Amino acid sequence: MKIGFALPQFNNQAHGVAHTAAFASAIEEAGGASLWVGDRNLAAVRPVVGYGGQGDTIPQELNAAADPFVLLGVAAAATSRVLLGSHVLIGPLYPPVQLARSLTTIDLISGGRLLPGFGIGWSPEEYQAAGVDFTRRGARMDELLDALDAIWTTDPARYEGAQLSVPEHHSPLKPVRKPRPPFYLGAMSERALRRVARRGDGWLPLVVVPSYVDVDGLVRQRALLDELAQQDGRDPRAIDTVLRVNIDAGTSTARVADTVKEIHERTGIEHFMIDSTYEVHTVDGSVEHAREVLRLVTKG
């Protein structure tokens, strides 16, 4: 199994962001396989839509959010082996040229270790703050992927869509990975899974330990994804999976490790990303938490 960990980005850990390089180096030394960021443009005081598209509240742990691109850049410079991923960037919020530039730079600094993951988000206020139409975010995501593909694979590069337009421009700076970094996409609904099946190189699902662990649901979603990929003429085995594991406050590391091992055994998922935002409040504490999770997961 590959076990990765979230960088110190949210909640109290965000206030220790100056220790990101030390955190990244420590996780790599401990045997972690990957380091990850999420994305929170803002947490509205009176949200129209609540966390994950449910209710009308957002956890206070998401009020403080460090910049995902800066964190990945710091982690890239501080490590030599671990993969560097986003689970997920809210892709439609970003202009494609600027997004491509940031991700290309991170990929080059890391020597090609970038796993860019995208989702469409659930917060209308985040879209309002970015000046982007929330109701057309799915179509904008599709165009964003097309634009990134063009920028990363052609020179000169250009893209023209219904929502996004990139004028022809010189584009000699390319990521290390050829023909481009893989597209990992967050998806839970059938509609989103169809996007993964059609054009994703990886799928980014989610569980929360212990409050939301639906292993049977993961199996059904993966089976549907495989079926949809085959309908599109793709080999389902070409679509990787990285499972995000959020941890509820008060959850023991033993419970986390047992859940990871159970999911691995029942689903075959090999790569997990552990996020201790809600449980651990310091960067040093997060490092120790990660070391303990690694020890328990690899324990015979």
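**Pockets, a cavity and a helix pair**

Biologist: What is the volume of the largest pocket?

Modeller: This is a predicted model, where local features need pLDDT of at least 70 and side-chain atom pairs count only at pLDDT 80 or more, while totals for chains, interfaces and linings use all residues. Residues are numbered from 1 along each chain as its sequence is written, and side-chain values use heavy atoms, leaving out hydrogens and water. A pocket is an open set of points on a 1 Å grid over the protein atoms alone, with protein on both sides within 12 Å along at least five of seven lines. Filling the points, joined across faces, edges and corners, with probe spheres puts the largest pocket at about 1300 Å³.

Biologist: Which residues lie closest to its centre?

Modeller: Lining residues have an atom within 4 Å of a point. The largest pocket has 46 of them, and the closest to its centre are Gly-52, Gly-121, Trp-122, Met-188 and Leu-206.

Biologist: How many of its lining residues are charged?

Modeller: Asp, Glu, Lys and Arg count as charged, Ala, Val, Leu, Ile, Met, Phe, Trp, Tyr, Cys and Pro as nonpolar, and the others, Gly among them, as polar. The largest pocket's lining has 23 nonpolar and 13 polar residues, which leaves the charged ones at 10.

Biologist: Which element gives the most to the lining of the second largest pocket?

Modeller: That pocket has a volume of about 210 Å³. α8 (215–231), β12 and α9 (253–267) each supply at least two lining residues; helices (H or I, at least four residues) and strands (E, at least two) are DSSP runs, numbered from the N terminus. The top contributor, with 3 residues, is α8.

Biologist: How many charged residues line the largest cavity?

Modeller: A cavity is a set of points where a 1.4 Å probe fits but cannot get out, and the largest here is about 30 Å³. Phe-5, Ala-6, Phe-23, Ile-274, Ser-276, Ser-286, His-289 and Ala-290 line this cavity. By class that gives 5 nonpolar and 3 polar, and for charged, none.

Biologist: Are α6 and α7 roughly parallel or roughly antiparallel?

Modeller: α6 (residues 137–153) and α7 (residues 190–199) have axes 12 Å apart and an angle of about 15°. Axes are lines fitted to C-alpha atoms over the stretch in contact (heavy atoms within 4.5 Å), with angles from 0 to 180 degrees between N-to-C directions. Under 35 degrees counts as roughly parallel and over 145 as roughly antiparallel, so α6 and α7 are roughly parallel.

How values were computed. Parallel < 35°, antiparallel > 145°, perpendicular 65-115°, else oblique.
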